[in-house]
Amino acid sequence: MKDVKKTELHLHLEGAAQPAFIRGIAAEKGVNLTGVFDEQGHYAYKDFSEFLSVYEAATSVLQTPRDYARLLQSVLEECAEQGVIYTELFVSPEFCGGGDLTAWREYLHAMSETAEAMRKQGIDSRGIVTLIRHFGADRGKKTAICAAETAGGWITGFGMGGAEAMGKATDFAWSYDAAREAGLGLTCHAGEWGGPASIRNALELGVTRIGHGVQAIDDPALVEELAERGVTLEVCPGSNVALGVYPDWPSHPIARLRDQGVKVTVSTDDPPFFHTTMSHEYDRLADVFRWGEAEFNQINQWAVDAAFCDAATKDRLR
Ligand code: ADE
Ligand code: ZN
């Protein structure tokens with residue numbers, strides 16, 4: 001469904017790197033990537049913990065602002081090919097300069113220039129600075145300082161990814177407070193691997209969006225609260241099925257959440273890792289849940305409403 005105009009809110013920049021792109025940069029730099037790819041050349045992992053390790057190993061070949069600018073360009077070209085007109089990308093100062101603010105500014109400068117050039121070619125984007133939960137709260141504070149110091153321009157949001165089982169979302173409250181004071185929109189991965197309690201805890205950070213959030217389905221009171229408060233879920237069904245959060249598409253709760261009034265949106269998370277694309281996600285939703293134009297229009301409207309961008313950009317997207 002490449003022709004449907006799409007807004008994507010949940011895409012990890014490094015996770016969107018095609019294996020061939022990573023292999024190309026690794027060859028240029030002479031980096032050995034043993035264990036990252038399988039015999040077919042796809043990313044090789046068997047569970048979420050291995051996924052995170054392979055993700056970080058592949059990311060280790062990206063070592064300069066130019067590497068990130070090239071990655072962003074190739075990712076945005078693929079988004080445009082999928083009919084995406086606006087996307088928000090998770091980027092982490094941990095990977096772009098090891099959490100150092102001066103280095104982060106250089107990476108960000110290179111990415112912002114690329115984003116601006118691509119905007120002129122019809123694909124708009126924003127960056128969400130993301131702390132990595134399993135790196136701990138102290139490193140999360142450094143990430144939040146990078147976010148707050150560079151808020152505005154291309155960076156309009158703040159989020160948290162990584163291993164949901166490590167600690168609680170509210171362990172990172174200092175970082176979220178700093179990001180909020182800097183005027184950034186807030187989101188947090190929760191309810192992917194954790195249950196309703198993890199989502200409730202993330203809501204305490206004052207987020208307007210939840211990354212995944214699908215396990216809310218197990219708690220009717222929470223589903224009602226999400227619907228009433230208008231919290232938007234960044235749902236990534238193909239990711240959830242590939243990682244084994246749900247065994248197959250028919251058992252995925254996206255349609256049930258929507259039927260119960262929750263604002264769901266659709267994204268790919270880390271598309272080459274999960275052998276998916278935005279068009280593929282839409283095709284599966286059409287096949288499995290019989291979604292059509294009305295449903296796709298609605299999820300894209302909700303995505304625009306919840307996007308971390310200015311009102312004039314939203315008007316253009318509507
Ligand atoms: N980082 C990249 N993809 C992720 C996911 N699905 N969950 C948590 N952190 C991530
Ligand atoms: Zn994610």
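Colleague: In which strand is V91 found?
Modeller: V91 is found in strand β2. Bear in mind that this is a predicted model.

Colleague: What makes V91 buried?
Modeller: The cut-off for buried is 20 or more other C-beta atoms within 10 Å. V91 has 27 other C-beta atoms within 10 Å, so V91 is buried.

Colleague: Which residues does V91 touch, leaving out those up to four places away in sequence?
Modeller: V91 touches L13, C96, M111, G127, V129 and T130. In β3, V129 is also the bridge partner of V91.

Colleague: How do you know that β2 and β3 pair?
Modeller: Pairing takes at least two bridges between the strands. Strand β2 (residues 84–91) and β3 have 6 bridges, in the parallel sense, and therefore count as paired.

Colleague: And what joins β3 to β4?
Modeller: There are 6 bridges between β3 and strand β4 (residues 155–161), and the two run parallel. I128 stands opposite G157 in β4.

Colleague: Why is β3 called mostly covered?
Modeller: For strand β3 (residues 124–132), 9 of its 9 residues are buried. Both faces are covered: D124, R126, I128, T130 and I132 are buried on one side, and S125, G127, V129 and L131 are buried on the other.

Colleague: Where does α5 lie?
Modeller: Helix α5 lies across β3 and β4, and runs at about 155 degrees to β3. Together, β3, α5 and β4 make a right-handed β-α-β unit.

Colleague: Why are α5 and α6 called roughly parallel to each other?
Modeller: The axes of helix α5 (residues 137–149) and helix α6 (residues 173–181) cross at roughly 0 degrees. Angles under 35 degrees count as roughly parallel, so α5 and α6 are roughly parallel to each other. Their axes come within 9 Å. The contact is made by G140, K141, T143, A144, I145, A147 and A148 of α5 and by W174, S175, A178 and A179 of α6. By kind, the residues of this contact are 7 nonpolar, 3 polar and 1 charged.

Colleague: In what order do the strands form the open sheet?
Modeller: The 8 strands follow the order β1-β2-β3-β4-β5-β6-β7-β8, with parallel pairing.

Colleague: What makes β1 and β8 stand at the edges?
Modeller: β1 (6–12) and β8 (263–266) each have a single partner strand, so one side of each is left without a neighbour in the sheet. On average, neighbouring strands of this sheet are turned by 25 degrees against each other, direction ignored.

Conventions. Residues numbered from 1 in each chain as written. Chains lettered and ligands numbered in written order. Predicted model: local features only at pLDDT ≥ 70, side-chain atom pairs only at ≥ 80, totals over all residues. Axes fitted to C-alpha atoms, helices over the stretch in contact; angles between N-to-C directions. Helix = DSSP H or I, 4+ residues; strand = E, 2+ residues; numbered from the N terminus. Parallel < 35°, antiparallel > 145°, perpendicular 65-115°, else oblique. Contact = placed C-beta atoms within 7 Å. Nonpolar A, V, L, I, M, F, W, Y, C, P; charged D, E, K, R; others polar. Buried ≥ 20, exposed ≤ 12 C-beta atoms within 10 Å, placed from the backbone. Right-handed = clockwise from strand over helix to strand, strands pointing away.
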